[in-house]
Amino acid sequence: MATQALSKTKAAQDTGKRPEGESRWAQVAEYFKSEQAGHLTGKSDEALTYVRDFRKDFDL
Amino acid sequence: MTTYLLDVNIITVLEDQDKPGFDLVSRRLSALADEDEVAVSVLSAYEYKHGIAKAPAELKEALRKTWEDVEANFSILPLSLEAAEVYGKLKTLYELETQTGERRLKEHSVDFILASTALEHNAVLVSNDNVFLRIREYAPRLRVENWTER
């Protein structure tokens, strides 16, 4: 799904056009799901626990 | 056209697909109209960069990339003198009406700045911090949404 969205986005960038049927923000949301975006998925539990605890300050 | 001002706690959901709320935030973002704008405060940049500096080495690159993605896709709103006026009045009103102690009030300084920025830009403040619901009682024009809730 994400790969398909990415290729659509890439196609849109190449042609300067937005993929048909996809809003600007739907594309951005798909991007954040994609492997190209910065993600914490797959990092060690120890590191993730540390950063999530630290972030509790933001998540009151 | 509506402007949405994302609190840093929404950015931290977008960085972490395993975090509860990721799909909900993603869905809300997808549903925006093309003419809508999404922004973050420069203060959120300060908070996020602090998070990167403090993070374990193995996470730093991913977090830096997330912030690059934020800058690439969303506007960054600066601090302004107009919002400072709003901040001064709003925080004082809240302090007097709620009798909140100085220490507790200081903990929420950034929240009052975000609320003032949202009011200045007539933006919807998107956050999962309930403090904004309390601040809104003293700023009825403040619109608040929590995209991590259904």
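Tutor: A residue counts as buried if 20 or more other C-beta atoms lie within 10 Å of its own, as exposed if 12 or fewer do, and as partly exposed in between. The model here is predicted.

Student: Which exposed residues does the face of helix 4 of chain B turned away from its buried side carry?

Tutor: That face carries Ala57(B), Glu61(B), Glu68(B), Glu71(B) and Ala72(B).

Student: And which residues of helix 4 of chain B are buried?

Tutor: Leu59(B), Ala62(B), Leu63(B), Thr66(B), Asp69(B) and Val70(B) are buried in helix 4 of chain B. Viewed down the helix axis, these buried residues fall within an arc of 110 degrees, so they line one face of helix 4 of chain B.

Student: How many residues does helix 4 of chain B have, and what does it reach from its first C-alpha to its last?

Tutor: Helix 4 of chain B has 17 residues and reaches 25 Å from first C-alpha to last, close to the 24 Å expected at 1.5 Å a residue.

Student: Which residues of helix 5 of chain B are buried?

Tutor: In helix 5 of chain B, the buried residues are Ala83(B), Val86(B), Tyr87(B), Leu90(B), Lys91(B) and Tyr94(B). They cover an arc of only 120 degrees around the axis, which puts them on the same side of helix 5 of chain B. The cover over the buried residues of this helix includes helix 7 and helix 8 (131-136) of chain B. On the face turned away from the buried side, helix 5 of chain B carries the exposed residues Leu81(B), Glu85(B), Gly88(B) and Leu96(B). Helix 5 of chain B has 18 residues and reaches 26 Å between its first and last C-alpha, close to the 26 Å expected at 1.5 Å a residue.

Student: Which residue with a positive phi follows helix 5 of chain B?

Tutor: First the general idea. Most residues other than glycine have a negative phi. Here, helix 5 of chain B is followed by Gln99(B), whose phi is positive. The value for Gln99(B) is about 55 degrees, although this residue is not a glycine. Gln99(B) is found in the loop between helix 5 (81-98) and helix 6 (102-107) of chain B. Gln99(B) is exposed, with 7 other C-beta atoms within 10 Å.

Student: What is the phi of Asn122(B), and where is this residue found?

Tutor: Asn122(B) is not a glycine, yet its phi is positive, at about 50 degrees. Asn122(B) is in the loop between helix 7 (109-120) and strand 4 (124-126) of chain B. With 11 other C-beta atoms within 10 Å, Asn122(B) is exposed.

Student: Strand 4 of chain B holds Val126(B). Is Val126(B) buried or exposed?

Tutor: Val126(B) is buried, as 25 other C-beta atoms lie within 10 Å. Val126(B) and Leu5(B) are 121 residues apart in sequence, but 5.9 Å apart in space, C-alpha to C-alpha. Leaving aside neighbours within four places in sequence, the contacts of Val126(B) are Tyr4(B), Leu5(B), Leu6(B), Asp7(B), Ile10(B), Glu145(B) and Trp147(B).

Student: Now the other chain. What does the secondary structure of chain A come to?

Tutor: Chain A has 3 helices and 0 strands. Of the 60 residues of chain A, 18% count as buried.

Student: How many residues of chain B are in contact with chain A?

Tutor: In this model, 31 residues of chain B are in contact with 23 residues of chain A. The elements that give two or more residues to the chain B side are helix 1 (8-14), helix 2 (22-30), helix 3 (42-54) and helix 4 (57-73) of chain B. Helix 4 of chain B gives the most, with 9 residues. By class, the side of chain B that touches chain A has 10 nonpolar, 9 polar and 12 charged residues.

Student: At what angle do the axes of helix 2 of chain A and helix 2 of chain B cross?

Tutor: In general, two packed helices are described by the angle between their axes and the distance between the axes. The axes of helix 2 (residues 24-33) of chain A and helix 2 of chain B come within 7 Å and cross at roughly 155 degrees. Angles over 145 degrees count as roughly antiparallel, so helix 2 of chain A is roughly antiparallel to helix 2 of chain B. In this contact, Trp25(A), Ala26(A), Val28(A), Ala29(A), Phe32(A) and Lys33(A) meet Ser26(B), Leu29(B) and Ser30(B). By class, the contact has 6 nonpolar, 2 polar and 1 charged residues.

Student: With which residues is Ser30(B) in contact, leaving aside its neighbours within four places in sequence?

Tutor: Ser30(B) is in contact with Trp25(A), Ala26(A) and Ala29(A). Ser30(B) counts as partly exposed, with 15 C-beta neighbours inside 10 Å.

Definitions and conventions. Residues are numbered from 1 along each chain as its sequence is written. Chains are lettered from A and ligands numbered from 1 in the order in which they are written. This is a predicted model: local features need pLDDT of at least 70, side-chain atom pairs count only at pLDDT 80 or more; totals for chains, interfaces and linings use all residues. Two residues are in contact if their C-beta atoms, placed from the backbone, lie within 7 Å. Helices (H or I, at least four residues) and strands (E, at least two) are DSSP runs, numbered from the N terminus. Ala, Val, Leu, Ile, Met, Phe, Trp, Tyr, Cys and Pro count as nonpolar, Asp, Glu, Lys and Arg as charged, and the others, Gly among them, as polar. The expected span of a helix is 1.5 Å times one less than its number of residues. The arc is that of the directions from the helix axis to the C-beta atoms. Axes are lines fitted to C-alpha atoms, for helices over the stretch in contact, and angles run from 0 to 180 degrees between N-to-C directions. Angles under 35 degrees count as roughly parallel, over 145 as roughly antiparallel, 65 to 115 as roughly perpendicular and the rest as oblique.
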